[in-house]
Amino acid sequence: MSQAQPSAAGSLSGGDAERALLTGVALLGATAVCTAVLLLPDRQPLQAVAGLALTAYLPGAALARRLLPTEPSRASDQLLRAVVAVGLSLGTTVAASLGLLYMEQWSWQRTVLLLAAVTAVATLPDVLRRRWPWRRSA
Amino acid sequence: MIMCIHAARELSVARIGDAGLATELGRSYWVGFCMIQYTFFAAIITRRPPSLLLALLTAGLLISVYGAASFAVQIPRGEVTWRHLGIIDHLIHAGSIDATIDAYFGWPGFFAAFAAFGEATGISLIHVALWAPVWNNALWLLGLAALVSQLTPNRRHIWLTVWIFASVNWIDQDYFSPQAFAFLLYLIILAVMLRLLRADPPVTVLHRLRLARARMRRQDAPAEATTRTDASGRSKEPAAVAAKPDASRSARARGLILVAALAAVMIASHQLTPFALLLAVGALVLVGRSATPRLPLVLLLILAAWLILPASAYLDGHPVAANAGDLAAVADKNLTSRISGSPERLLVLRLRMIVTAAVWLLAAVGLLRRWRAGHRDVSCVALAVAPFVLLPMQSYGGEMLLRVTLYSLPFMAFLAAAALSPPHGWDILHRAHRPIAAALATGLCLVLGAASVGARYGNARFDMFTRGDIAAVQALYDQARPGDVLIAGSHPTPWRYRDYDAHRYLTLQDLCRDPTLTAQGCFHLVHEAVRRSPSGRGLVLVNRANREAIRMQSMLSPDVVAGVEARLGTGPDGRLMLQDADFQLYELRVGRS
């Protein structure tokens, strides 16, 4: 039996909870892949895409899930969440890079690691809290 | 769109006249532009406007209008873009922030982000800067759509607002810059406020004061009933102030965190936009549309903290409200002193004023129409008007009027969209009348859009650079040594993209601003500037863009520049180092006796 989990949007139906879990896992996976692509010693062809995703979307998407209560049925809410995700990502990049510059510890690799950490911290608790399908059937 | 791109690619900067890019774009560009405008309005009057087609057309308009200069020369426009690239280059190499260098280092958020972005992605920031007007406008339109969808559920109205904004945004603040980034945050923050922090029903400041007074009275008289009730026993307190369910409180708290976080990023990135945000948020509180009346105070505290700590090095000697209340100085810097130059340039300047006035007029008509139809757009009007309070505060280097126009444009576009729609909507309009109404709207948008292209690219003769202009600056850097003072003829010069703090950068335009100065007087000032430099050596560059800017803007007499050049080329302490068809580079050495 699927169990609804309380979230920013109030209580979620079983389908919504599963979708939220999948989104969380996808965000974590994408962050891991992007970080790996960026930090590998050789410059990768996908570096531009990975860099763009990590600086301009992933951290914000993770934070927006926690901070922005939306009604999935409202198109305007979906648009707002997407725009807020971009704004928060760029904002996180500003904060991470600026913090390192003021501490005189700046390097783009450290900034990337900080962005990945923010995404993980924002996503992991929600993913761990949710009931995974195999746990549910057990 | 393909016709527009093809026409733009055919352009040559050498052919551009004083009236700017618009007159040189060619017939095929304008045919393509008309087709985009016509197709949009043909699509929007259908019973179910196709979102995908409208999105594609909007993308086409963005690329055609905001990418025209990039297709033409493949070199980023404007001096400031190059300077911003230099600041990022400096941060990457220094790995720290020295707030004493200049104002940019007091608000370095945008530069810090793009230092990481450029290095992480491996994408050349020159390419990012080249296409910045297109991607900035694309992001703004997304932010605008998110914002407007909080003001109306009507999809047609949302699309029309987006279209009008994209068509009439001549203001040219969408280049690679902190203000473009801050404007995106401005749109997002206001969208979040209208979604999560909206007072429903509205509670004005006056109402809040009355409630506070009533509460105080109740505290003084505890035996009395704690809540006033009407005859039916219901509470008379407005819903927004009365106890809220936990879910609503939690949403509001999250909204507050979100707004404060985004505002903090904005405050770290740009000097002016946070003040515009403060006014906008204050206006929403004043008209009772904000459920968080203390938010302006929170923003003010973050702003003050930034000004006192990281930005304090710059603020010593540069007060925030330097011209506060001096309306004459503000008017002079924003209007009078800007309206000068060749006849074609004056035409472009008038065109800018006409487009702005026309959009404001359309907005007024739209407001009236919506009011009569029963819509009370109090939030929208408050947000459209609030930025104008900035005008008497600061001249902002003569750019305040431009910025205020930009901050109010989203809301003016929203109201103007109502003026372009039939009073009772497209669906109710008789089938036979629809094409007529659509043709009128197309015509109006077409005229305003074309005028905006003219207004936007009016400085193209000197703010679009040729390969020769870039080569001239490259030659300047090849000859420069640390401690040299570098002097260009005027703004714009595509320099400071490297060696940001290794030199002092000046222009003849700034040095010899006094109109009574002769060539000899101007040379004396140049001589003095070089004498004060650590190396006692100065390089003076005069290139094509400089000469065009001096001639068109009438800020400095071309004779004075010619006199200084003659003195530099023939004097005992100066010499002509390099010259090309597009530039002359002089060296001036000054002894320290």
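**Close-up views of a predicted two-chain model**

**View 1. Helices H2(B) and H20(B) form a right-handed crossing.** In this predicted model, the two helices pack at an angle of about 145°, and their axes are 9 Å apart. From H2(B), the residues that take part are B:Phe33, B:Cys34, B:Gln37, B:Tyr38, B:Phe41 and B:Ala42. They meet B:Ala438, B:Ala441, B:Thr442, B:Cys445, B:Leu446, B:Gly449 and B:Ala450 of H20(B). Sorted by class, this contact has 10 nonpolar and 3 polar residues, and no charged residues.

**View 2. Helix H20 of chain B spans residues 434-456.** The helix has 23 residues, and the distance from its first C-alpha to its last is 32 Å, close to the 33 Å expected at 1.5 Å a residue. Its buried residues include B:Ala438, B:Ala441, B:Thr442, B:Cys445, B:Gly449 and B:Ala450, each of which also meets H2(B). Also buried in H20(B) are B:Leu448, B:Ser452, B:Val453, B:Gly454, B:Ala455 and B:Arg456. The cover over the buried residues of H20(B) includes helices H2 (27-44), H3 (51-66), H9 (155-168), H17 (343-372) and H19 (400-420) of chain B.

**View 3. Helices H3(B) and H8(B) pack at an angle of about 145°.** The axes of H3(B) and H8(B) are 9 Å apart, and their crossing is right-handed. On H3(B), the contact is made by B:Thr58, B:Leu62, B:Ile63 and B:Tyr66. Their partners in H8(B) are B:Pro133, B:Val134, B:Asn137, B:Ala138 and B:Leu141. The contact of H3(B) with H8(B) has 7 nonpolar and 2 polar residues, and no charged residues. H3(B) is also among the helices that cover the buried residues of H20(B).

**View 4. Chains A and B meet in a contact of 33 residues from chain A and 39 residues from chain B.** On the chain B side, the elements that give two or more residues are H6 (109-121), H8 (132-148), H10 (178-196) and H12 (246-269). H12(B) provides the largest share of that side, with 10 residues. By class, the side of chain B that touches chain A has 27 nonpolar, 9 polar and 3 charged residues.

**View 5. Strands E4 (residues 574-579) and E5 (residues 583-589) of chain B pair in the antiparallel sense.** The pairing of E4(B) with E5(B) runs over 5 bridges. Within the pair, B:Arg575 stands opposite B:Glu587 of E5(B). A hairpin of 3 residues joins E4(B) to E5(B).

View 6. B:Arg496 counts as buried because 22 other C-beta atoms lie within 10 Å, where the cut-off for burial is 20 or more.

**View 7. A:Glu104 has a positive phi of about 60° although it is not a glycine.** A:Glu104 is found in the loop between H4 (75-102) and H5 (108-129) of chain A. With 10 other C-beta atoms within 10 Å, A:Glu104 is exposed, whereas B:Arg496 is buried.

Key
Residues are numbered from 1 along each chain as its sequence is written. Chains are lettered from A and ligands numbered from 1 in the order in which they are written. This is a predicted model: local features need pLDDT of at least 70, side-chain atom pairs count only at pLDDT 80 or more; totals for chains, interfaces and linings use all residues. Two residues are in contact if their C-beta atoms, placed from the backbone, lie within 7 Å. Helices (H or I, at least four residues) and strands (E, at least two) are DSSP runs, numbered from the N terminus. Ala, Val, Leu, Ile, Met, Phe, Trp, Tyr, Cys and Pro count as nonpolar, Asp, Glu, Lys and Arg as charged, and the others, Gly among them, as polar. Two strands pair if DSSP finds at least two bridges between them. The expected span of a helix is 1.5 Å times one less than its number of residues. A residue is buried if 20 or more other C-beta atoms lie within 10 Å of its own, exposed if 12 or fewer, and partly exposed in between; C-beta atoms are placed from the backbone. Axes are lines fitted to C-alpha atoms, for helices over the stretch in contact, and angles run from 0 to 180 degrees between N-to-C directions. A crossing is left-handed if the near helix is turned anticlockwise from the far one by less than a right angle, and right-handed if clockwise.
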